[in-house]
Amino acid sequence: MKKEKPAKKKVYKLKKNGINPQHFEVGQLKFYAILIPICAFMALPIIIIFMNAFKPLDELFAYPPRFYVRNPTWDSFRALFAISSTSNIPASRYLFNSIISSVATVVCTLVISTSAGYVLSKKRFRARPALMEINNLALMFCSVAVAIPRYFVISYLGLLDNFWSNVIPLLATPVGVFLVKQFIDGLPDALIEAAVIDGANDYQILLKIIMPLVKPALSTLTIMTFQSAWGSEVASTNYINNESLKTFAFYLHTLSASGTVSGQGVAAAATLILFVPNLIIFIFMQSKVMSTMAHSGIK
Amino acid sequence: MSTKVKKPFKNPLTHHSTPFLLAPYAALFILFILIPVIAAVVLSLFYFNTIQTPKFVGLENYLNLFTNDEVFMQHVVPNTITYAVWVGLIGYVAAFLLAWMLSQVTKLPRTIMALTIYAPSMTGGVLLSTVWKVVFNGDQSGYLNAALLRFNIIEEPVVWLSSSEYLLTIMIIVAMWSSMGIGFLSMLSGIMNVNEELYEAAYIDGIKNRFQEIIYVTIPSSKPQMLFGAVMAIVNTFQSAGVGVALSGSNPTPGYAGQLIVTHIDDYGFIRYEMGYAAAVSVVLLVGIWILTKGANLVLGSKDE
C-alpha cells in the first residue's frame, strides 16, 4: 500500500498542472500576468462608452477628457429619444423596428435551422452527404462579397422597401445549421426509434424530443442570430429607402456620422442600447454556449 | 404493414417529411447564398452599369482588374494581405493562445476573462466604429490624443482616422480587438474538453513541458475545433473589412490607405455602379477565401476525409 501512494500522488499532481485546475496556484500567476492586461485592453473601449453615455454635457466637453464620470445623468438617453432624425422619425421607431426584426429573425432561424439540422443529422437519404458537404463549404460564405447579387435577388423577390428584407436574408445561416446538426449528431438514434415505435411522426419528434434536448445549441443560435440581427444595418442601407422601416443600428450610424461632441454622448447612449442586450443574453446563456461549442469541431 | 419488422426505423423516415423539413432552409440557402454566388460569377463576365443592358465582355473585367487597376494592385492587394495576415493569421494564433491560457486558470476567473475577451466581438458593424471613434477622435478631446498630449509624446493632436499614415494600423487593432468571437469560444471549449488522461499518458511517454504539451497533445486533440476556429477567423477577417470605411467615414478611404478588397467591391458596385467589374472583384475574393479555407483544411483537417 505504501508503494502505491507516491505513484498516485504523482498522477494527481500532473492532473493539477494540466487544463482546468481546481485551485489557484502560484504557477498560474504568469497566465494572469498576460491575461489581465489583455482583458483590460479588451474592456477599455467598452468602459469608455459606458462612461460617455452617462456623462452630462459639461463633462463631455471637458478638456482634457476625463475617463470617469463624475455626475452620471440620463441626459444623453433623454436627448436620444427627444431628437428626431432628419425625416422626423423618432428614435423609438427605429428601436421598435429593431426589436421586431430581431425577434422575428431569432424565432424563424431557430425553427428553420433545427428542422434542417434534424434532417441532415438523423435522416438517411441519398443526397445527404452532398448536402452536408455543400453546407460545410458554405461555412466560409462571406455575405459582404456578394452584396450586389443579393441586392438583385431582393429586388427580384419584391422585397425592396419591405420591412421583411431586414429579416429574410439573415435566415440563411450555414453556421447555425452546422452547430445544431453537430449537436443533434450527439443524440442517440435509439431515442428517435423509440418515439417512432410509439407512433410519433417527424414533427412531433422534432418538437417534443429534439427541441428540448438541443436547448444548449438553440441558446447559442439565439445569441448568434440576435447579435447579427440586432446590429444589422445592411438591409437599411442597401434595400430600404423608407426611413420608418429602418433599424436602430442604422440610426446609430447616422448619429455617429455627425461627429459633434454633444452628439458623442447621444451616440454613446445609442451604442449602449445596442450593446447591452447582447451582453445580457450572452451572460445568461454563457454555459450553454460553451457546451454547444464542444460539438463545433469540423472533422 | 405486412413487411418484416427488420427495419421499423426506416419507414416513416422515407416519407415526405424530410423534404418538407429541409425545404425552408434549402430555399433560403439557394436564394441568398447559391444564387448570389452564381450571379456574381455570371455578372463578372459582363459590362453592366445598371442603366444599359449588360454587355458580354468575357474575361475583360478580370484582365482589367489584374493589369489596369492601379488602385487594386498598388493599394487593395497589399492592404488586404497585411490586414489578413494580422487580423486573420496572427489574430487566430492569439485566439488559440488566449484560449489555452484561459484553460490553465480556475473556473471563475476563466469565465470572467473569457467574457471580457469575447465581449468586443458583440460590437460588430456600426458599434465597432462608434466605440473606437471616441478613442481615436482627431481633435484634442479624443482619448488617445489627450493621453499622448499629456505625456508630451505629441505636440499637436493627430487626425488619426483621416490620415493615410495610421488608418490601416488602426483598422488592424480595431479588427483584432473584435475578432475573438465564436471561433475563440470553440477553441476554448475544444481545449477544455481534451481528455486529461492524454496529458498523463504523454508525461509518462516523456514530454517535459507545457510547450510540448501544446504541440503533442492539445493541438492534435482539439483539431476539429481549431479548424472551425480557422474557418471563422477567415470569414470574420473579410466580413469585418468594412471597418476602414466606417472609421474614416469615406469610401474610398483617405489615400486608399484602408482600401481592402471588400471596400473595393462597394466602391465599384454601390458608388460607381460598375456591377460587372465589382462582381469580378467579388469572385476573386470568394476564390481567395476558398483557397485559404482549403489551406486550413490541409493543416488542421483529419486525414480520413
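User: How much of chain B counts as buried in this one?
Analyst: This is a predicted model. Of the 305 residues in chain B, 50% count as buried.

User: And what's the figure for chain A?
Analyst: For chain A, 42% of the 299 residues count as buried.

User: What secondary structure does chain B have?
Analyst: Chain B has 15 helices and two strands.

User: Is chain B compact or spread out?
Analyst: Spread out. Its radius of gyration is 24 Å, well over the 19 Å that the globule rule gives for 305 residues, so chain B is more spread out than a compact globule. Along the principal axes, its C-alpha trace spans about 75 × 60 × 30 Å.

User: What share of the chain B contacts links residues 24 or more positions apart?
Analyst: 68%, counting contacts in chain B with a separation of 6 or more.

User: Switch to chain A. How many helices and strands?
Analyst: 14 helices and zero strands. Read along the sequence, the pattern is α-α-α-α-α-α-α-α-α-α-α-α-α-α.

User: What radius of gyration does chain A have?
Analyst: 25 Å. A compact globule of 299 residues would be near 19 Å. The C-alpha atoms of chain A fill a box of roughly 75 × 60 × 35 Å, taken along the principal axes.

User: What's the confidence in chain A?
Analyst: The mean pLDDT is 85. 91% of the residues of chain A reach 70 or more.

User: Which elements of chain A mark the lowest and highest mean pLDDT?
Analyst: Helix 1 of chain A, residues 4-17, has the lowest, at 47. Helix 5 of chain A, residues 91-122, has the highest, at 94. Over residues 1-16 of chain A, the pLDDT is below 50. Beyond near neighbours in sequence, that stretch has seven contacts in the model.

User: Now the interface. How many residues of chain A are in contact with chain B?
Analyst: 88 residues of chain A, in contact with 91 residues of chain B.

User: Which element gives the largest share of the chain A side?
Analyst: Helix 14 of chain A, residues 261-293, with 14 residues. By class, the chain A side has 61 nonpolar, 19 polar and eight charged residues.

User: I'm looking at B:Thr293. What is it in contact with, sequence neighbours aside?
Analyst: Leaving out neighbours within four places in sequence, B:Thr293 is in contact with A:Met140, B:Val231 and B:Ile234. B:Thr293 is found in helix 15 of chain B, residues 275-300.

User: Why does B:Thr293 count as partly exposed?
Analyst: Because B:Thr293 has 19 C-beta neighbours inside 10 Å, and a residue needs 20 or more to be buried.

User: How far is B:Thr293 from B:Leu185?
Analyst: 19 Å in space, C-alpha to C-alpha, and 108 residues in sequence.

User: What's the phi at A:Asp161?
Analyst: Positive, about 60 degrees, although A:Asp161 is not a glycine. A:Asp161 lies in the loop between helix 7 (147-156) and helix 8 (174-185) of chain A. With 13 other C-beta atoms within 10 Å, A:Asp161 is partly exposed.

User: And B:Asn152, what phi there?
Analyst: About 55 degrees, positive, and B:Asn152 is not a glycine. B:Asn152 lies in the loop between helix 7 (143-150) and helix 8 (167-177) of chain B.

User: Is B:Asn152 buried or exposed?
Analyst: Exposed. B:Asn152 has 7 C-beta neighbours inside 10 Å.

Methods:
Residues numbered from 1 in each chain as written. Chains lettered and ligands numbered in written order. Predicted model: local features only at pLDDT ≥ 70, side-chain atom pairs only at ≥ 80, totals over all residues. Contact = placed C-beta atoms within 7 Å. Helix = DSSP H or I, 4+ residues; strand = E, 2+ residues; numbered from the N terminus. Nonpolar A, V, L, I, M, F, W, Y, C, P; charged D, E, K, R; others polar. Buried ≥ 20, exposed ≤ 12 C-beta atoms within 10 Å, placed from the backbone. pLDDT = per-residue confidence, 0-100. Rg over C-alpha atoms; globule rule 2.2 N^0.38 Å.
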